[in-house]
Amino acid sequence: MPQKLSERTRLVVNRYGDGESFAKKFNPSLQVVCAQNVERSFKGNAPSLALLGETYPDEQVNTWIIAQLMDLYKFAGVKEKPTFQQVLELSVMIRVEYYYLKASELLLFFFKLKTGEYGTFYGVVDPMVIMSALIEFKAYRKRQLENQISRDFLYCIVGTHSFV
């Protein structure tokens, strides 16, 4: 962990503990909870990948992402297992390219990926397919956030969520 914690990183540590505790709380089984609470996944207080990177060593953040990937591989029943280096490189790419995603959003992404919403896997989980699916998820996320902003704005004006 960094020598001096910022207020933001201190809040993460106070809420989730060390990197291992965070990974246990945000384990792959939480993907279902995120899917059942889509709005909370986007609007909740889960830390972003960038904040996780400020709070915990990169290796711990990568390990957490790798756990999600390994769960996907297990779910997909892939015949050809990727090498550790391939999985590590993919986790780094996700952490760097999608730094703004909250942990809950990434869990939601993996759930949606498992449902086949972003295509299917045929014996091999191709890292390029995962990265392409993240591009689609980014567009979905944008629409969801825009819809939430619109609903929140209307709620402020009208004072109720019932617009009928």
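This report describes the fold, core, aromatic pairs and selected residues of one predicted model.

**Basis**

Residues are numbered from 1 along each chain as its sequence is written, and side-chain values use heavy atoms, without hydrogens or water. Because the model is predicted, local features need pLDDT of at least 70 and side-chain atom pairs count only at pLDDT 80 or more, while totals for chains, interfaces and linings use all residues.

**Overall fold**

The chain has nine helices and zero strands. Its pattern along the sequence is α-α-α-α-α-α-α-α-α. Helices (H or I, at least four residues) and strands (E, at least two) are DSSP runs, numbered from the N terminus.

Of the 164 residues in the chain, 37% are buried. Buried means under 20% relative accessible area, exposed means over 50%, and partly exposed lies in between (1.4 Å probe, protein chains only). The accessible surface of the chain is about 9600 Å², and carbon and sulfur atoms hold 57% of that surface. Such areas come from the Shrake-Rupley method with a 1.4 Å probe; for residues, only the protein chains shown count as cover.

Among contacts in the chain with a separation of 6 or more, 78% join residues 24 or more positions apart. Contact means heavy atoms within 4.5 Å.

**The nonpolar core**

The largest nonpolar core holds 40 residues. A nonpolar core is a set of buried Ala, Val, Leu, Ile, Met, Phe, Trp, Tyr and Cys residues joined through side-chain atoms within 4.5 Å. The residues with the most contacts inside this core are Trp 64, Leu 69, Ile 94, Leu 106, Phe 109, Leu 113 and Ile 130. Helices H1 (7-16), H5, H6 (58-76), H7 (84-97), H8 and H9 each supply at least two residues of this core.

Leu 106 shows what such contacts look like. Leaving aside neighbours within four places in sequence, Leu 106 is in contact with Leu 49, Trp 64, Ile 65, Ile 94, Leu 101 and Leu 134.

Val 87 lies in helix H7. Val 87 counts as buried because its relative accessible area is 2%. Beyond four places in sequence, Val 87 is in contact with Ile 66, Leu 69, Met 70, Tyr 73 and Pro 82.

**Aromatic pairs**

The structure holds 13 aromatic pairs. Rings of Phe, Tyr and Trp (its six-membered ring) pair if their centres lie within 6.5 Å; planes under 30 degrees apart count as stacked, over 60 as edge-to-face and the rest as tilted. Two of the pairs are set out here.

| Pair | Geometry | Centre to centre | Between planes |
|---|---|---|---|
| Phe 42 and Tyr 140 | tilted | 5.9 Å | 55 degrees |
| Phe 109 and Phe 137 | edge-to-face | 5.6 Å | 70 degrees |

The Phe 42 and Tyr 140 pair links distant parts of the chain: helix H4 (residues 38-43) and helix H9 (residues 127-158), 98 residues apart. Phe 42 counts as buried because its relative accessibility is 3%. Tyr 140 is buried too, at 12% relative accessibility.

Ring pairs link Phe 42, Phe 109, Phe 110, Tyr 118, Phe 137 and Tyr 140 into a cluster. The charged end of Lys 112 sits over the ring of Tyr 140, 4.4 Å from its centre. For this, NZ of Lys or CZ of Arg must be within 6 Å of the ring centre and within 35 degrees of the ring normal.

**Two buried threonines**

Thr 9 is found in helix H1, and Thr 55 lies in helix H5 (residues 49-55). Thr 9 is buried, with a relative accessible area of 3%. Thr 55 is buried at 0% relative accessibility.

The side chain of Thr 9 reaches the backbone nitrogen of Ser 6 at 2.8 Å. The side chain of Thr 55 reaches the backbone oxygen of Leu 51 at 2.7 Å. A polar contact is a pair of N or O atoms within 3.5 Å; within protein, one must be able to donate a hydrogen and the other to accept it, and residues adjacent in sequence count only if both atoms are side-chain atoms. Not counting residues up to four places away, Thr 9 touches Leu 51, Glu 54 and Thr 55.

**Around Pro 28**

Pro 28 is in the loop between helix H2 (19-25) and helix H3 (30-36). Pro 28 touches Ala 67, Gln 68 and Asp 71, not counting residues up to four places away in sequence. Ala 67 lies in helix H6 and is partly exposed, at 32% relative accessibility.
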